[in-house]
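Me: Please take me through some of the labels attached to this structure, setting each value against its definition.

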Amino acid sequence: MAGLYLHIPFCKQACHYCDFHFSTSMALKSRLVDALVEELALRHNYLEPGSTLNTIYFGGGTPSLLTATELDVLFAAIHRHFAVAPDAEITLEANPDDLTTAKVRELAASPINRLSIGLQSFHEPHLRLMNRAHSAEESTAGVRRAQEAGFENISVDLIYGVPAPDHAIWEQDMATAFALDVPHLSCYALTIEPDTVFGRQLKKGKFPAVPDEFVARQFELLLQEIARHGYQQYEISNFSKPGRESRHNSAYWRGVPYLGLGPSAHSFNGHSRQYTVANNPQYVAAVLDRGEVPATVEHLSPRDQANEYLMTSLRTAQGCNLARLRTELGVDLEQEKAAYLRELQRTGLARMADGYLQLTDAGKLLADHITLELFQG
């Protein structure tokens, strides 16, 4: 089984926190869809021959800007080159303002069977602060319309750690999200990247830096409410009802091969990574005019592969399989990092369970730091 990711790099407007690759100009949209079709023909052999797609993911950007015709073209190309599992999870990221009654009916009539809806907040001032294109009312209405159209497999995104006098807004955001009764939530701490509006405002002293303690407390409140409402934390930022995990993202964390199409997309085949240029005109010209994919290939040494597995597996509830790390990737973490592993357990940041190294709730707050300490040089 393998996964397919298609990057749709268009947005109505730029969110002030976002450093993903996208364009607010739609001038190249139809040509870029053509380029995705052509790239699929050029690169379908990237995955092992006979690979069956278990997951397909339209990410962005804002894939809900695709028309029904554009989606039909892309699905036809996918089926020309791959077998798709009958029960494949097919996800499309959507903004709630795109989810009109007509749009959700259109999507429900397509092969898409899962929506990931970027709500971020139900608090109008926070939406305006982040420069989101939708209103607080549309946050709820978009989800309800999708449910009424027959979508049951829905994930919603929320952002915490937004500047606020206390935790009341975050608590209300969580309560509203739980009331929607969707099976999956993705909740991310607001990260200020340098090359964003927030990053530039922070540098100029025009954006208030949020204390780490404030963010950590909101994460703790999230974990409490998640457990109370019957969700499981299966990855640091991802929560689901039992059995409703994102199969596509879970495959990333398990190291399953996937093919990424489009500008800025990444691909992974177990031994190397490929990064496509993050530039729409360059991508379209290279693929359509020259029949080549403008990408950089990074070959992964055994140590690189071990570090990748450490980085991804420690984010999950299952944790890092130390036997796999030792036998498949040649790293005996229990021997090489024995003292640090003892310290993690002594301080309550990690535990050992049936041969797996797992981070505790306290450890998850320091996941990046812990992973760097365990990395192989």
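Me: At roughly what angle do the axes of helix H1 and helix H10 cross?

Reply: This is a predicted model, in which local features need pLDDT of at least 70, side-chain atom pairs count only at pLDDT 80 or more, and totals for chains, interfaces and linings use all residues. Residues are numbered from 1 along each chain as its sequence is written, and side-chain values use heavy atoms, with hydrogens and water left out. The axes of H1 (residues 29-43) and H10 (residues 280-290) cross at roughly 50 degrees and come within 9 Å.

Me: Why are H1 and H10 called oblique to each other?

Reply: Angles under 35 degrees count as roughly parallel, over 145 as roughly antiparallel, 65 to 115 as roughly perpendicular and the rest as oblique; the crossing is at roughly 50 degrees, and H1 and H10 are therefore oblique.

Me: What makes H14 roughly antiparallel to H16?

Reply: The axes of H14 (residues 338-346) and H16 (residues 367-374) come within 10 Å and cross at roughly 155 degrees, which makes H14 roughly antiparallel to H16. In contact terms (heavy atoms within 4.5 Å), Tyr340, Leu341 and Leu344 in H14 meet His369, Ile370, Glu373 and Leu374 in H16.

Me: Why does Ser116 count as buried?

Reply: Buried means under 20% relative accessible area, exposed over 50%, and partly exposed in between, with a 1.4 Å probe and protein chains only; Ser116 has 8% relative accessibility and therefore counts as buried. Ser116 lies in strand S4 (residues 114-120), and, leaving aside residues up to four places away in sequence, touches Tyr57, Thr91, Leu92, Glu93, Ala94, Ser155 and Asp157.

Definitions and conventions: Axes fitted to C-alpha atoms, helices over the stretch in contact; angles between N-to-C directions. Helix = DSSP H or I, 4+ residues; strand = E, 2+ residues; numbered from the N terminus.
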